[in-house]
Amino acid sequence: MTERKPVGVSFETWIDRQIREAAERGEFDDLPGAGKPLPDQGGPDDDMWWIRQKMQAENLSFPLPGTLALRKDAEDSRAAALRARTEAEARRIIEELNGRIREGHGKPLSGPPVFQPLLEVEEVLAGWRAAHPVEEAPAEPQAPAVPPRRRSSLLRWIRRG
C-alpha cells in the first residue's frame, strides 16, 4: 500500500483494488487464525468489549465504590485466611482486614450504604482449623524382640578346629 490514491478514483474503489491485488499476491495466506471464527463473536453487543478484554488479560477488575470494595475485600480476605498455611498467617489476614473495616467505619465511603461488620477472628480460625486438621505423627512401631541367635554347632566345630 505504498501507492497513493489516484485522483478521480473513489476511495472505496481504490481500497478494494488494493485488497484484491494483495490477495492475488497471496499476502493474506497462512495468517494465524485463518478460517476460524473471531473470538467473542455472537454475544450481545457491548461497546466496552475491548476494555473488558484488556482488563481480563491484565487480571484487573472494575473499580468498585468504597462500600462494595470493602465488602469484596472482606470476602477475599476470609477466603485467603482459610487458604493460609499457618494459623498465625490466617489471624494476621483477618486482623489486617478488621483494621481496614474500622478505617472505613470512621470515614464516609462512596457507594450504596452497606455496613460491613468486623469479622470474628476466632470464628474464621475455627474454619481454618477445620480445613487444616492436625496430623499426629504415627507412633514409631517397636521392632519385635529378637531372641539372641544361637551359634550353630557347625560354627563351633569350625572354631575349635
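Mentor: Contact means heavy atoms within 4.5 Å. This is a predicted model, in which local features need pLDDT of at least 70, side-chain atom pairs count only at pLDDT 80 or more, and totals for chains, interfaces and linings use all residues. Residues are numbered from 1 along each chain as its sequence is written, and side-chain values use heavy atoms, leaving out hydrogens and water.

Trainee: Which residues is Gln116 in contact with, leaving aside its neighbours within four places in sequence?

Mentor: Leu70, Arg71, Ala74, Ile101 and His105.

Trainee: Where is Gln116 found?

Mentor: Helices are DSSP runs of H or I, at least four residues, numbered from the N terminus. Gln116 sits in the loop between helix H4 (87-106) and helix H5 (121-131).

Trainee: Is Gln116 buried or exposed?

Mentor: Buried means under 20% relative accessible area, exposed over 50%, partly exposed in between (1.4 Å probe, protein chains only). Gln116 has 9%, so it is buried.

Trainee: How is the packing of two helices described?

Mentor: By the angle between their axes and the distance between the axes. Axes are lines fitted to C-alpha atoms, over the stretch in contact for helices, and angles run from 0 to 180 degrees between N-to-C directions. H3 and H5 pack at about 45°, with axes 8 Å apart. That makes H3 oblique to H5. Angles under 35 degrees count as roughly parallel, over 145 as roughly antiparallel, 65 to 115 as roughly perpendicular and the rest as oblique.

Trainee: Which residues meet in H3 and H5?

Mentor: Arg78, Ala81 and Leu82 in H3 meet Glu123, Val124, Gly127 and Trp128 in H5.

Note on methods: Helix = DSSP H or I, 4+ residues; strand = E, 2+ residues; numbered from the N terminus.
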